[in-house]
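Please consult the sequence and the model shown below while reading.

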Amino acid sequence: MDLHILDHRLRVISISKNGLVNFTHPLIKLIFLRNRTRCKFFSLTETPENYTVVLDQEGFKELQPSEHLMVEGSIWLPLNVASNGNASSSSQAVGVTKIAKSVIAPLAQQHVSVFMLSTYQTDFILVKEKDLSVVISTLEEEFNIYKEVGGESVPIHCQDVPNGLQKNGKEAIQPTVHPVVIPKNQFCVMSLDPDTLPSIATTLIDVLFYSNSPKEDAANQGLDCIKFFSFSLIDGYISLVMDTEAQRQFPADLLFTSSSGELWRMVRIGGQPLGFDECGIVAQISQPLADSDISAYYISTFSFDHALVPEEDIVSVTDMLQHQRKDPAAS
């Protein structure tokens, strides 16, 4: 398989809920007016705590410093696995499960923290720029690694990696120590033709910027549901993750999903904000899912991580993760 280091240098930021009003203009520009910005990688995810924005340096220039803006200090590089052009069969597990054993687990063993962003089209594994030499050294046996430079894919090897890097294949991935929450929402993973984006502009603005009434928040808390909405516009492709309640607000004929129209349930990871330096969080969730051949989309945010699994698998996934927490040696 091929591993591509994409030609984006990304920042991960958080916008507070009560500070969103200060950023509506640049965010609307980044979402709807892509011809007026040079931003090629943009993702906005709303959670109960905040808005997480992942965007390239050109997009980052659009956001003014503010007390409501928190910027993670690292530059992140997105990696993408290509299966040599072979589309996976519908019977195979998809999403982060495909790369759990080949990418995520080896990086966790080498203490490389990752930030995951699954979309309708593909999965991006974000690694810190400073960890790139370790990433290449760890993965080059399994992958042909290419770095995109000015639209061209250039093979890259690991001649410059310090000799001190020790690959310890015997090191066990730490068992899941973070609590998980299973909200009751049903979620959809969808896409949209960018040319039809203006047709849903008012609905999208309403869902993103005006859906936080105290009455609605209280109702959601009572139903054990969670506020979660993700919009990505990356290299011209749009991906949306929303619950079925939000989906009903959009025209059914514009959003499209897989032919199965599958519904997903969420596993939300973390009792306290996870931070960006801990390693193995994604591996702790994705590894058991991969062992059971269960599909999963995975979206990291500024505070917590979120795995989406098929609705029919949520009971077995819940049992699996609870068992793993009670009996770490079994993982």
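Predicted model: local features only at pLDDT ≥ 70, side-chain atom pairs only at ≥ 80, totals over all residues.

**Helix packing and cavities**

H1 passes H5 in a right-handed crossing.

**Helices H1 and H5**

- Helix H1 spans residues 24–32 and helix H5 spans residues 201–209; their axes come within 12 Å and cross at roughly 135°.
- The contact of H1 with H5 contains 9 nonpolar residues and 1 polar residue, with no charged residues.

**Helices H3 and H4**

- The axes of helix H3 (residues 100–109) and helix H4 (residues 132–139) come within 10 Å, with a crossing angle of roughly 125°.
- This angle is the reason why H3 is classed as oblique to H4.
- The handedness of the crossing of H3 and H4 is right-handed.
- H3 contributes Ser102, Val103, Pro106 and Leu107 to the contact, while H4 contributes Val135, Thr138 and Leu139.
- By class, the contact of H3 with H4 comprises 5 nonpolar and 2 polar residues, and no charged ones.

**Largest cavity**

- The volume of the largest cavity is about 170 Å³.
- Its lining consists of 21 residues, and those nearest the centre of the largest cavity are Val114, Gly275, Glu278, Ile281 and Asp305.
- At least two lining residues of the largest cavity come from each of H3, strand E7 (114–118) and helix H8 (281–291).
- H8 gives the most to this lining of the largest cavity, namely 3 residues.
- In the lining of the largest cavity, 13 residues are nonpolar, 6 are polar and 2 are charged.

**Second largest cavity**

- The second largest cavity has a volume of about 30 Å³.
- Ser43, Thr45, Thr52, Val53, Val54, Phe115, Leu117 and Ser300 line the second largest cavity.
- Strand E3 (41–46), strand E4 (50–56) and E7 each provide at least two residues of the lining of the second largest cavity.
- The most is given by E4, which supplies 3 residues to the lining of the second largest cavity.
- The lining of the second largest cavity divides into 4 nonpolar and 4 polar residues, with no charged residues.

Key. Residues numbered from 1 in each chain as written. Heavy atoms only, no water. Axes fitted to C-alpha atoms, helices over the stretch in contact; angles between N-to-C directions. Helix = DSSP H or I, 4+ residues; strand = E, 2+ residues; numbered from the N terminus. Left-handed = near helix turned anticlockwise from the far one by under 90°. Nonpolar A, V, L, I, M, F, W, Y, C, P; charged D, E, K, R; others polar. Parallel < 35°, antiparallel > 145°, perpendicular 65-115°, else oblique. Contact = heavy atoms within 4.5 Å. 1 Å grid on protein atoms, 1.4 Å probe; cavity = no way out; pocket = protein on both sides within 12 Å on 5 of 7 lines; lining within 4 Å. Points joined across faces, edges and corners; volume = space filled by probe spheres on them.
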